[in-house]
Amino acid sequence: MVVLNFQFSIPNSQLFNWYQQGKQDTINHHIPLFELEYLVTELTELTSLDLRFNNHKNKGKISSKISLEELQKLWNLRVEKRCPIQYLIGECHWRNFTLKVTPDVLIPRPETELIIDLALELTQEYSSLQLGKWLDLGTGSGAIAIALADIFPQATIYAVDKSEKALKIAQENALNLGLRSKIKFYHGSWFNPINDLRNNFSGIISNPPYIPSKMVLELQPEVVNHEPKIALDGGEDGLNDIRYLIGNAPNFLINKGFLLLEIMAGQGDMVKELLTKNGNYTNINIYQDLANLDRFAMAQLS
Ligand SMILES: C[S@@+](CC[C@H](N)C(=O)[O-])C[C@H]1O[C@@H](n2cnc3c(N)ncnc32)[C@H](O)[C@@H]1O
């Protein structure tokens with residue numbers, strides 16, 4: 001959604017009544033209250049403190065970017081269609097960035113923020129790797145590529161996605177954040193569009209689709225009904241793309257270059273085995289997220 005200014009003014013009493021009903025909806029439909037607050041505070045002049053302490057009660061009108069009817073329509077989509085709040089607002093906060101998101105891209109998850117910290121931490125010992133080329137495979141909204149451009153200001157970042165629509169959003173995000181000139185975007189499947197860049201990358205990062213096909217259907221409606229299937233489905237055991245990336249990354253990494261993958265909890269042992277059996281990797285490690293679940297695999301080209 002592109003909404004730029006506060007062009008509407010909603011009578012306070014109407015907004016207040018609507019908000020009370022919304023609060024009831026959050027209870028009835030098990031939606032966290034902060035999502036309703038997020039919608040209201042992003043689209044009207046009200047802050048969460050105003051909402052919590054009813055600070056606005058003496059105001060006659062509330063400035064808003066959309067009409068009360070439109071606000072109601074958006075909220076209905078959240079409650080009835082289980083549309084993720086980030087798609088309704090059109091953006092999400094991830095690391096220190098505000099990224100545009102549409103149903104063409106996966107909403108970047110908080111745990112994926114950790115893969116960037118890992119990249120930073122792991123390259124401390126190999127600081128020359130921070131200067132080279134880094135590759136984000138399956139860039140989606142561009143989150144990882146953008147964060148890499150931010151933490152490795154001297155590196156050149158390459159970003160690939162099979163979805164042309166996702167790539168457009170990623171490019172827009174990079175432009176909005178002033179990082180467009182640092183990231184080269186490619187459309188195509190995994191390594192295909194950068195096939196001439198063999199033995200070139202200091203690091204390859206990917207958060208590929210890794211959910212087993214059957215499990216995709218059981219995901220919460222916000223995910224299965226709204227987020228792109230191409231971002232989720234990793235085939236029968238969830239490891240189709242991970243297998244392919246582990247098999248091909250050695251052709252594209254420089255000596256001691258890093259492969260960093262986000263994986264699903266429960267895949268740690270299998271991914272470690274795939275990396276070990278491949279025979280081209282050293283320093284193979286599985287890392288946990290803040291909930292102590294195996295969520296990242298790392299290996300270096302030996
Ligand atoms: C789990 S999402 C990750 C998106 C983003 N990197 C993030 O972390 O939020 C996986 C991404 O891989 C892309 N993808 C799936 N299959 C692909 C393929 N064969 N080649 C390139 N990209 C692919 C999807 O379009 C999607 O954007």
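On a 1 Å grid over the protein atoms alone, a cavity is a set of points where a 1.4 Å probe fits but cannot get out, and its lining residues have an atom within 4 Å of a point. Grid points are joined across faces, edges and corners, and a volume is the space filled by probe spheres set on the points. The structure examined here is a predicted model, in which local features need pLDDT of at least 70 and side-chain atom pairs count only at pLDDT 80 or more, while totals for chains, interfaces and linings use all residues. Residues are numbered from 1 along each chain as its sequence is written, and side-chain values use heavy atoms, with hydrogens and water left out.

By these criteria, the structure holds one cavity of 30 Å³ or more. The space in the largest cavity amounts to about 40 Å³. Its lining is made up of Leu15, Phe16, Trp18, Tyr19, Val40, Leu46, Leu51 and His56. Helix α1 (residues 12-28) gives the most to this lining, with four residues; helices (H or I, at least four residues) and strands (E, at least two) are DSSP runs, numbered from the N terminus.

The domain assignment of the protein gives domain 1 (8-80) and domain 2 (108-301), with bounds that come from an automatic or database domain assignment. The C-alpha centres of the two domains lie 37 Å apart. The nonpolar core was considered next, defined as a set of buried Ala, Val, Leu, Ile, Met, Phe, Trp, Tyr and Cys residues joined through side-chain atoms within 4.5 Å. Buried means under 20% relative accessible area, exposed over 50%, and partly exposed in between (1.4 Å probe, protein chains only). The largest nonpolar core contains 63 residues, of which Trp18, Leu39, Trp134, Leu148 and Ile183 touch the most other members. Helix α7 (residues 143-151) supplies the largest share of this core, eight residues. Both domain 1 (8-80) and domain 2 (108-301) contribute to this core, with at least three residues from each. In soluble globular proteins, nonpolar side chains tend to be buried together.

A search of the whole structure for disulfides, each a pair of cysteine sulfur atoms within 2.5 Å, finds zero. Cys83 is in no disulfide, and the nearest cysteine sulfur, that of Cys92, is 13 Å away. Cys92 is likewise in no disulfide, the nearest cysteine sulfur being that of Cys83 at 13 Å. Cys83 counts as buried at 10% relative accessibility, and Cys92 is buried with a relative accessible area of 2%. Cys92 is found in strand β3. Along the chain, Cys92 and Glu70 are 22 residues apart, and their C-alpha atoms are separated by 20 Å.

Positive phi values were computed for two arginines. Arg82, which is not a glycine, has a positive phi of about 60° and is found in the loop between α4 (68-80) and α5 (85-89). Arg95, also not a glycine, has a positive phi of about 50°. Arg95 is placed in the loop between β3 (91-94) and β4 (97-100), where it counts as partly exposed at 27% relative accessibility.

Two serines were also examined. Ser206 lies in strand β8 (residues 201-206) and is buried, with a relative accessible area of 1%. Ser206 and Val160, 46 residues apart in sequence, are 9.9 Å apart in space, C-alpha to C-alpha. Ser189 is in the loop between β7 (183-187) and β8 and counts as partly exposed at 26% relative accessibility. Between the C-alpha atoms of Ser189 and Ser48, which are 141 residues apart along the chain, the separation is 43 Å.

Definitions and conventions
On a 1 Å grid over the protein atoms alone, a cavity is a set of points where a 1.4 Å probe fits but cannot get out, and a pocket is an open set with protein on both sides within 12 Å along at least five of seven lines; lining residues have an atom within 4 Å of a point.
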